[in-house]
Amino acid sequence: MDKNKIRTLQDLVRESACEYGDKIFLREKNGKEISEKSFRNLYDDSCRLAGYITSKYDGVIHTAVIGGSGYAWLVSYFGTVCGGNGCVPLDAQLPCNDICELLNRADVSIFMYDKKYEVMIDEIREKCPEVKEFISFEKELPQILSENTPAELPPVSPDALASISYTSGTTGKSKGVMLLNRNLIDNAMCQDNESTPDDVVLSILPIHHIYCFTCDILCSLRYGNQLCINDSMLRIAQNLKLFQPTIIMVVPMIAETIYRQIKTISDANPEIPKSAIAKKIFGERLTTIYSGGAYLRPELQRAYHEMGYQMGQGYGMTECSPRITTADRFDKDCAGDVGIIVNGCQVKIEDGEIMVKSPSVMAGYYKDEAETAKTITPDGWLKTGDLGYIDGKKLFITGRKKNLIILSNGENVSPEEIENKFAGTDFISELLVYSEDGMITAEIFPNEEYCKNMSDEEIDKLFKDKVLEINKTLTSAKTIHRMRIRDKEFEKTTSKKIIRRQSEHGRIVK
């Protein structure tokens with residue numbers, strides 16, 4: 001595909017249909033069957049929905065789409081943006097009140113949804129009077145597609161709003177990130193030769209996340225990949241065997257979980273190479289694993305390389321569509337970096353904070369000029385809020401600016417730097433480091449499976465010994481002085497990120 005022809009999402013969907021035509025683009029489960037759709041199917045159906053919307057509504061409108069990954073979701077999204085309108089992808093885990101709030105905040109006119117949300121529709125109608133139309137994936141959408149022929153689409157400006165993507169809000173109210181067509185296209189096109197039309201991508205992560213949307217969906221359209229849908233986090237192993245992907249994109253938690261399974265089987269069967277066990281889990285064709293969204297410990301990355309997989313870490317944020325760096329999948333050094341800076345992106349460090357200037361950077365936060373001004377400087381630099389440094393072409397993350405612990409002596413401590421030292425510890429399921437009564441405190445939720453036959457005293461000793469080991473690697477200012485153990489998971493956002501301000505804490509270890 002000639003990327004110089006691609007300036008909007010409409011261009012991308014159209015050119016993918018022209019280049020790849022009837023080649024299978026999407027495979028997903030439909031009951032016991034697997035349904036398939038081609039690149040041409042996606043373009044034609046997007047044109048049908050776009051024509052329906054533009055014929056019924058004057059001017060630019062906003063639609064919202066919610067549901068699991070799949071063809072109906074994609075047609076709803078691309079049918080919106082291919083007609084020059086803006087789409088609001090919503091988190092499928094949100095409760096009804098939160099959905100209503102975001103629909104109102106984003107000025108949504110059409111709500112598109114799957115059957116799970118049918119029970120909410122009456123309440124949404126009542127609380128969201130500006131929503132004029134409700135389109136179900138199972139009812140109204142198929143009828144619209146069957147009753148309309150593919151429309152000739154109006155030209156779309158690269159500066160047209162494509163998405164309002166809401167942040168997860170781990171420390172406060174979520175913000176609506178305005179991503180223009182040119183932002184998303186730049187990010188999808190910022191690297192070359194990442195895959196080929198022979199590659200099969202298993203899409204595992206939630207589709208409303210910009211990481212999944214850009215790297216799985218948009219890049220598959222660009223490269224002509226076959227995109228397969230993982231229908232549940234509980235069925236990843238089953239779907240790896242079913243679809244036999246060559247590429248997957250994960251968060252470190254998924255990579256850790258699968259590696260623990262491999263290690264458990266290996267420990268019980270030492271005569272079987274880990275690489276053979278991994279092939280049983282991942283399938284015969286998998287070659288490449290991209291990781292993003294959180295810290296990937298170098299030891300885990302090296303373990304995957306040793307099993308024969310190209311694995312690398314990337315870094316980004318919703319406000320940058322999202323890629324700032326990309327994984328160097330051939331680099332076996334595994335130095336703890338988050339990848340190499342993508343083409344067209346400038347990165348600098350100012351007062352320890354990572355600053356980014358790129359064509360991928362958002363237009364701002366929807367209806368929030370004050371927050372936009374705090375985040376984007378007058379000369380166009382995006383303040384990421386992350387702390388780090390650059391070494392050659394590689395970027396390293398050391399923590400989050402807003403999470404810094406300010407000690408009484410004025411020294412700054414990054415809790416993430418300490419938390420990362422616990423990564424991969426078998427008996428720890430979740431961990432948070434914070435300041436309490438002027439002391440650096442580490443609080444854990446133990447791994448229930450690992451600790452199921454252990455007493456509190458035995459778990460306490462494990463934790464004390466680990467903290468003693470880690471304290472030897474820390475400066476005196478960063479030393480952990482208090483330990484807590486909780487009997488339930490930390491409170492999290494819908495995207496499973498731990499909320500740093502917890503309402504309850506675990507017991508103190510004496």
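**Entry 1: E15**

I started at E15, which is found in helix α1, residues 9-20. I note at the outset that this is a predicted model. Is E15 buried or exposed? Its relative accessibility is 17%, and buried means under 20%, so E15 counts as buried. I then looked up what E15 touches, leaving aside residues up to four places away in sequence. The contacts are M1, K5 and I6.

**Entry 2: overall form**

Next I stepped back to the whole protein. I find 15 helices and 27 strands. The C-alpha trace spans about 70 × 55 × 50 Å along its principal axes. For 510 residues, a compact globule would have a radius of gyration near 24 Å. The protein has 23 Å, so the value agrees with a compact globule. I also checked burial: 56% of the 510 residues count as buried.

**Entry 3: the seven-stranded sheet**

I traced an open sheet of seven strands. The order is β2-β1-β10-β9-β11-β12-β13, and the pairing is mixed. Which strands are at the edges? They are β2 (33-38) and β13 (310-313), and each pairs on one side only. Neighbouring strands of this sheet are turned by 20° against each other on average, direction ignored.

Within this sheet I looked at β9 and β10. Strand β9 covers residues 200-203 and strand β10 covers residues 226-229. They pair in the parallel sense, over four bridges. V201 stands opposite L227 in β10.

**Entry 4: Q226**

I stayed on strand β10 and picked Q226, which has its place there. Its relative accessible area is 19%, under the 20% limit, so I log Q226 as buried. Which residues does Q226 touch, not counting residues up to four places away in sequence? I list K23, I24, F25, R27, D199, V200 and V201. V201 comes up again here: Q226 touches V201, while V201 stands opposite L227.

**Entry 5: α3 against α8**

I turned to a helix pair. Two packed helices are described by the angle between their axes and the distance between the axes. Helix α3 (residues 71-81) packs with helix α8 (residues 210-223) at an angle of about 80°. The axes are 14 Å apart. The two helices are therefore roughly perpendicular to each other.

Which residues make the contact? From α3 I have W73, L74, Y77 and F78. From α8 I have F213, I217, L218 and L221. I sorted the residues of this contact by type: eight are nonpolar, none polar and none charged.

**Entry 6: β5 and its partners**

I looked up strand β5, residues 108-113. Six of its six residues are buried, so β5 is largely enclosed by the rest of the structure. Strand β3 (residues 62-66) runs parallel to β5, and five bridges join them. Strand β6 (residues 133-136) also pairs with β5 in the parallel sense, over four bridges.

I66 stands opposite Y113, and Y113 stands opposite S136 in β6.

**Entry 7: β7 and β8**

How many residues of strand β7 (residues 161-166) are buried? Six of the six are, so β7 is largely enclosed by the rest of the structure. β7 and strand β8 (residues 176-180) run antiparallel, joined by five bridges. S165 stands opposite V177 in β8.

**Entry 8: the four-stranded sheet**

Last, I traced an open sheet of four strands. The order is β24-β25-β26-β27, with mixed pairing. β24 (428-436) and β27 (507-508) stand at the edges. Each has a single partner strand, so one side of each is left without a neighbour in the sheet.

Strand β26 (residues 482-485) pairs with β27 in the antiparallel sense, over two bridges. I485 stands opposite R507 in β27.

What lies across this part? Helix α15 (residues 456-471) does: I see α15 across β25 (439-446), β26 and β27. The helix runs at about 140° to β26.

Definitions and conventions:
Residues numbered from 1 in each chain as written. Predicted model: local features only at pLDDT ≥ 70, side-chain atom pairs only at ≥ 80, totals over all residues. Heavy atoms only, no water. Pairing = 2+ DSSP bridges. Axes fitted to C-alpha atoms, helices over the stretch in contact; angles between N-to-C directions. Parallel < 35°, antiparallel > 145°, perpendicular 65-115°, else oblique. Contact = heavy atoms within 4.5 Å. Nonpolar A, V, L, I, M, F, W, Y, C, P; charged D, E, K, R; others polar. Rg over C-alpha atoms; globule rule 2.2 N^0.38 Å. Buried < 20%, exposed > 50% of the residue type's maximum accessible area, 1.4 Å probe, protein only.
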